[in-house]
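Open the structure in your viewer and keep the selection panel at hand. The stops below say what to select and what is there.

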Amino acid sequence: MVDGRLTRTLLLLAAPLVAQNFVAVAQQVVDVFFVGRVGEDAVAGVGLVVPLTALSLVPAMLAITGTHVLTSQRLGAGDDEGARRVVWAGVVLSIALQIVVAVVALLFADTFVGLLGGTGAVADYAAVYLQVYAVGTLAAGVSDVFEMGLLASGDSTAALYINVASFGSNLVLDPFLILGWGPFPRLEVFGAALATALGFLFGLLLAVFVTFRGTRNFSLSLDSFTFDTDVAREMVSVGWPAAGQRTARQAARVAIIAVVSFTAGSAGLAAYTVGARISTVAFVPAIGLGNAATSVVGQNVGAGNPDRARRTTWVAVAIAVIGLSVFAAIQLAIPETVATVFAPTLTPEGLSLTVDYLVILAFGYWALGAIYTAESGFNGAGKTDVSMYATMLQYWAVRVPVATVGSGILGVGLGYGVHAVFWAVTLSNVAAAVGLCVYFWYSTNDGMLRRASDSASAD
C-alpha cells in the first residue's frame with residue numbers, strides 16, 4: 001500500500017472491487033431483466049423511484065465514508081485500536097440513521113411517488129418497491145461499514161465475498177419471487193424489492209462473520225466494542241460531504257426523472273431506466289478503482305507519502321479513462337441489441353428512445369471514469385467536500401438546467417423533449433471530469449496532499 005509499483009498495487013486491490021461491483025450491477029440488470037417480463041409499467045415504476053432508493057442510503061454515507069477514510073489513515077499511521085473504534089462508531093451511527101429512513105419511507109412512500117408524477121399502476125409499483133427497499137437499507141448500511149473497515153486495511157477480497165453473498169442471493173431469488181417460479185407466488189415488483197432486501201441481509205451476515213473471524217490486517221471482536229463520541233463527530237465531519245454529494249446527485253436525478261415522466265411518459269421512463277442500469281455496467285470498474293485508490297491515497301497520506309498519493313490518483317484516472325473508452329465503443333456498435341436483450345417488452349417508442357439514450361450515454365463514458373478516480377485523490381486526503389461541490393455543479397449547474405431548458409417542459413426553451421435530458425447527462429459528466437482533473441492538478445501543486453499528510457501525522 002505504501003511502497004512498490006503503483007499500477008500493480010491499484011490493479012490487485014481494485015480487481016476484487018471491480019468484480020464485486022459487477023456482481024452489484026448484475027443484480028440491478030437482472031432486476032430489470034425479470035421486471036421487464038412483467039411489463040413496461042413495472043419497469044417504469046422501478047425506474048421512477050431509483051433516485052429515492054439511492055437517497056435512502058444517504059444518511060448511512062456519513063458512517064460509510066467516514067469509516068473508509070478514517071480507518072485507512074489510522075491504519076497507515078499504525079493505530080490499530082483507533083481503527084477499531086472508527087468501525088464500531090460507524091456501525092452504531094448507521095443503524096440509528098437508517099431506522100429513521102425506514103420509518104419515513106413506510107409512512108410517506110405514496111406521497112413521494114405522487115410528487116414525481118407517478119399515476120396508476122406505475123405509482124403502485126413504485127411505492128411498494130421504495131418501502132421494501134428502504135427497510136432493507138438497515139442491513140445494507142451496516143454491511144457497508146464493515147466492508148469499508150476491511151477495504152481500508154487493504155483487504156478488498158473480503159468485500160468481494162460479502163457482495164457476492166448479497167447480490168448473488170438476490171440474483172437467485174429474483175425469478176422465483178418476481179415471476180413465481182416453482183412453489184413461490186408471483187410477487188412482481190414487490191418480489192424484486194424483497195429479493196434485494198434479503199440479499200442485503202445475507203451480505204450483512206457474511207460481513208459480520210468475516211470481520212469477527214479477522215483477516216491478516218484487521219479484525220473486530222465484541223470485547224473491542226466501544227462508541228467513542230469524539231470519533232463519531234470526526235466521522236460526521238468527514239462523511240457529511242459524501243452524504244451531501246449523494247443527496248445532490250440523487251435529488252437532481254429526481255428532478256430529471258420528473259422531466260422524463262412529464263415529457264415522455266412510461267416509454268421515456270422505461271428508456272431512462274434501462275439506460276441507467278446498463279451504463280452502470282460501464283462505470284463500475286471506475287468505482288472499484290476509485291475505492292481502491294482512496295484506500296491507497298489514505299494510507300500514504302497517513303504514512304507521510306504525499307507524492308505517492310498524488311501519483312496513485314493520476315494512474316487510476318488513466319486506467320479508468322482507457323477502459324471505459326473501450327466499453328463505449330462496444331455500446332455504440334450494438335445499442336439496439338443491448339436494449340432488446342434487457343427489456344424485450346418495450347413498446348416501439350420505448351425501444352427507440354432506449355437506443356437513442358444508449359448511444360448518447362456512450363460518448364460520456366470516459367468522463368465517468370475520470371470522475372470516480374479523480375475524486376479518490378481528494379477523498380483519501382480527507383477533502384471529501386471537493387467531491388460534494390463537484391457533484392453539485394455537475395448536476396445542478398449543468399444537468400438539470402440543460403434538461404429543463406432543452407426539453408421545454410416549462411413552456412419555454414428549445415423543445416427537444418426527452419432527448420435534451422439524454423444529452424444533459426452526457427454533457428454534465430464531461431464538464432465534471434474536466435473540472436475535477438484540473439482542480440486536482442492545481443490543488444496538488446498548491447500542497448494539498450502535503451498538508452493532509454502533516455495533519456494526519458499530527459493527529
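Contact here means heavy atoms within 4.5 Å. The model is a predicted one.

Start with Tyr-129. Leaving aside residues up to four places away in sequence, Tyr-129 touches Asp-31, Val-46, Val-49, Thr-53, Val-189, Ala-192, Ala-193 and Thr-196.

Next, select helix H2 (residues 40–48) and helix H6 (residues 120–152). Their axes are 7 Å apart, and the helices pack at an angle of about 50 degrees. Angles between 35 and 65 degrees fall in the oblique class, so H2 and H6 are oblique to each other. Their crossing is right-handed. To see the contact, show Asp-41, Ala-42, Ala-44, Gly-45, Val-46 and Leu-48 on H2, then Ala-121, Val-122, Tyr-125, Ala-126 and Tyr-129 on H6. Of these contact residues, 9 are nonpolar, 1 is polar and 1 is charged.

Now turn to the nonpolar cores. The largest has 120 residues, and those with the most contacts inside it are Val-35, Leu-48, Tyr-129, Phe-146 and Tyr-365. Another core lies apart from it and has 21 residues, including Val-301, Phe-378, Ala-432 and Leu-449.

Finish at Glu-188, in helix H8 (residues 188–213).

Notes
Residues are numbered from 1 along each chain as its sequence is written. This is a predicted model: local features need pLDDT of at least 70, side-chain atom pairs count only at pLDDT 80 or more; totals for chains, interfaces and linings use all residues. Side-chain values use heavy atoms; hydrogens and water are left out. Axes are lines fitted to C-alpha atoms, for helices over the stretch in contact, and angles run from 0 to 180 degrees between N-to-C directions. Helices (H or I, at least four residues) and strands (E, at least two) are DSSP runs, numbered from the N terminus. Angles under 35 degrees count as roughly parallel, over 145 as roughly antiparallel, 65 to 115 as roughly perpendicular and the rest as oblique. A crossing is left-handed if the near helix is turned anticlockwise from the far one by less than a right angle, and right-handed if clockwise. Ala, Val, Leu, Ile, Met, Phe, Trp, Tyr, Cys and Pro count as nonpolar, Asp, Glu, Lys and Arg as charged, and the others, Gly among them, as polar. A nonpolar core is a set of buried Ala, Val, Leu, Ile, Met, Phe, Trp, Tyr and Cys residues joined through side-chain atoms within 4.5 Å. Buried means under 20% relative accessible area, exposed over 50%, partly exposed in between (1.4 Å probe, protein chains only).
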